[in-house]
Amino acid sequence: MHNSISNLYIGLMSGTSLDGVDGVLVELPDVAGAMRLLATAYQPFSPSFRQDAMALQQAGANEIEREALLANTLAEHYAVCVNELLRQAPQVQRQQVRAIGAHGQTIRHRPELGFTRQTNNPALLAELCDIDVIADLRSRDVAAGGQGAPLVPAFHRAVFGAEGETRVVLNIGGISNISILHADGNTSGFDTGPGNVLMDAWIAQHQGKSYDENGSWAALGQIDTGLLGSLCDEEFLRQCPPKSTGRDLFRPDWLMQKLADFSCVAAVNVQATLCAFTAVTLADAIYQHAPAANAVYVCGGGAYNARLMQELARQLQQRGCLASVASTQVLGVSPNHVEALAFAWLAQRFTLRLPGNLPEVTGAKGLRILGALYPA
């Protein structure tokens, strides 16, 4: 019998960087009070899983079967992560966990066509873990006319908001999104463009590494202003929110098209320019929508890219934004755990039958309860 009054939730997130699964076991207050993080775990993806997931980003042969098999493998990865979380918290019994919030792996995001697709097999995950699973957390917002993304601003407001102070939370994963926690209590947010996705693809192509640790390769290069201007000449960047994007747009062949006129730019200088591109798009978004922000807090893998953080601070300074730039660690939450915590929080919202979206962020017709339940 599952404990119906437990406030223990698991959040699982595998993002557009396709590096692996971040998991958290957290005690969440029903209304007020602080959340209590009990365990964290990370389950890396194999190169073959990454390759299979990347291949599903675009149309291909036999893709229904390939997606179904990938979903099964993902559920198995998720289950390993869940078991590791429970192993780290021996005081917690499996049946005490109220629900798992499982985001799935985004393989297509086309809200303009009325769908977003996160591959997952939540039925298998419920079977493997014997815990309620809340999944498919974006499609209800899309059905209500929204973008289905970003979903984290509501959580950012709940956890990082401060009365009378405008704060910006940047989630720099494969794609970047911004949450503006306005001093008056309003919240806005949208996807700003690429985070690490192009930098990761470029260093993988030229150095066989999955990411540029600390931005150290980018730091060796020079920003090519012509290329930077070409990268910034992208219609998505000029669109007004609500808006969201993904690998559907910012993918290697998009970059190759942009590079066609810049074949003489050295690979290291391309990396430096890609790093600047992410920083510029983020700084532009802050300058346009939160110029008087007191502070900018960064989460996701980008928070660990020292070069990117420096470039972001420099770009903000150039625009006259006085906000300090720091990782969410200074607020007591590791940048690696913010998104997984958000999906644990969304699972709680579903369980309590409370809305999880912000229509002013996604453009949905109204507040909606997000997710679908797969009982243990």
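Biologist: How many aromatic pairs does the structure hold? Please look closely at the part around them.

Modeller: Happy to! This is a predicted model, in which local features need pLDDT of at least 70 and side-chain atom pairs count only at pLDDT 80 or more, while totals for chains, interfaces and linings use all residues. Residues are numbered from 1 along each chain as its sequence is written, and side-chain values use heavy atoms, leaving out hydrogens and water.

The structure holds five aromatic pairs. Rings of Phe, Tyr and Trp (its six-membered ring) pair if their centres lie within 6.5 Å; planes under 30 degrees apart are stacked, over 60 edge-to-face, and the rest tilted. One of the pairs joins F250 and W254, with 5.0 Å centre to centre and 75° between the planes, so this pair is edge-to-face. F250 has 0% relative accessibility, so F250 counts as buried (buried is under 20% relative accessible area, exposed over 50%, partly exposed in between, with a 1.4 Å probe and protein chains only). W254 is buried as well, at 6%.

Together with F236 and F277, these two residues form one aromatic cluster. K243 lies over the face of F236, 4.5 Å from the ring centre; a charge sits over a ring if NZ of Lys or CZ of Arg is within 6 Å of the ring centre and within 35 degrees of the ring normal.

The chain has another feature to look at here: a cis peptide bond joins P241 and P242, with omega about 5°. P242 is found in the loop between α9 (235-238) and α10 (252-259), where helices (H or I, at least four residues) and strands (E, at least two) are DSSP runs numbered from the N terminus.
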